[in-house]
Amino acid sequence: MSNAAPAPVLQARGLIKRYGHVTALDGADFDLLPGEILAVIGDNGAGKSTLIKALSGALIPDEGEIRLDGKVVRFHSPIDARRQGIETVYQDLAVAPAMTIAENLFLGREVRRSGFLGSVLRCLDKKRMATEATAHMKDLQIGIRSMKQAVETLSGGQRQGVAVARSAAFARHVVIMDEPTAALGVKESNMVLELIRRVRDRGLPVILISHNMPHVFEVSDRIHIQRLGRRVAVVNPREIKMSDAVAIMTGAMQVEAQAA
């Protein structure tokens with residue numbers, strides 16, 4: 001019986017990104033394993049945002065390679081990453097407040113009616129979108145009264161739920177979540193953390209970028225620590241103190257191992 005580690009779903013090796021004289025990524029490595037929540041932490045200027053932008057197609061690294069399911073991929077835009085099944089939930093949510101929940105879930109991917117109405121008149125199949133939106137929300141156990149509600153009528157946590165459900169509905173490989181609990185209260189933050197677990201439990205690995213260390217330690221399976229443009233450690237949150245993770249992140253503690 002083999003004890004070999006599973007092959008990464010998403011992997012990066014030697015990523016370099018320079019902005020003039022500033023090196024944001026300095027040979028950064030990255031590994032996301034199947035079915036895990038991998039938190040990415042780092043101090044300001046550590047390069048974690050640049051790393052995530054490279055993995056989500058928002059920028060093109062100067063050097064290095066990214067592999068998805070073992071195959072080298074080159075993203076020239078976020079649309080390229082989406083086509084490969086990588087979905088991102090941004091901190092600003094990117095929801096349309098005046099539109100309904102169903103319309104938001106299918107924003108940019110609207111379903112047209114069949115036949116002449118859809119192909120020529122470009123009529124949308126609102127009934128199908130509402131039905132599928134209801135199924136997606138129920139799948140993640142997000143309690144919403146009606147898919148016809150405008151998103152602006154929802155709480156912050158519920159709006160985040162809509163953004164998460166949209167990503168989970170269309171992602172085939174990876175969901176990236178950028179500061180998903182920022183500006184949320186305790187109750188709503190807990191709701192979003194539970195959503196993240198449900199996405200993982202449905203078989204989608206999650207990359208979680210967060211400054212909130214208690215949330216990171218509560219929900220993540222492994223923690224990628226970024227410092228000065230590269231990965232300095234990957235740690236198991238059940239085997240390390242939060243204070244030690246912060247010390248590694250700030251450079252106060254040196255580590256040798258890079259794998260949890």
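Predicted model: local features only at pLDDT ≥ 70, side-chain atom pairs only at ≥ 80, totals over all residues.

User: Which residues have the most contacts inside the largest nonpolar core?

Analyst: That core has 35 residues, and the ones with the most contacts inside it are Ile101, Met137, Leu140, Met177, Ile196 and Val199. Two or more residues each come from helices H3, H5, H6 and H7 and from strands S7 and S8. There is also a second, separate core of 25 residues, with Val9, Leu25, Ala54 and Val174 among them.

User: What does Val199 touch?

Analyst: Leaving aside residues up to four places away in sequence, Val199 touches Leu140, Val164, Ala168, Val175, Met177, Leu204 and Val206.

User: Now the helix. Which residues of H5 are buried?

Analyst: An α-helix has 3.6 residues a turn, so residues three or four places apart point the same way. In H5, the buried residues are Met129, Ala133 and Met137. Seen down the helix axis, they fall within an arc of 65 degrees, so they line one face of H5. Helices H3 and H6 are among what covers them.

User: And which residues are exposed on the other side of H5?

Analyst: Lys127, Thr131 and Lys138 are exposed there.

User: How far apart are the end C-alpha atoms of H5?

Analyst: They are 20 Å apart, which agrees with the 20 Å that its 14 residues should span at 1.5 Å a residue. Just after H5, Gln141 takes a positive phi of about 60 degrees.

How values were computed: Residues numbered from 1 in each chain as written. Heavy atoms only, no water. Core = buried A, V, L, I, M, F, W, Y, C linked by side-chain atoms within 4.5 Å. Buried < 20%, exposed > 50% of the residue type's maximum accessible area, 1.4 Å probe, protein only. Helix = DSSP H or I, 4+ residues; strand = E, 2+ residues; numbered from the N terminus. Contact = heavy atoms within 4.5 Å. Expected span 1.5 Å × (residues − 1). Arc of directions from axis to C-beta.
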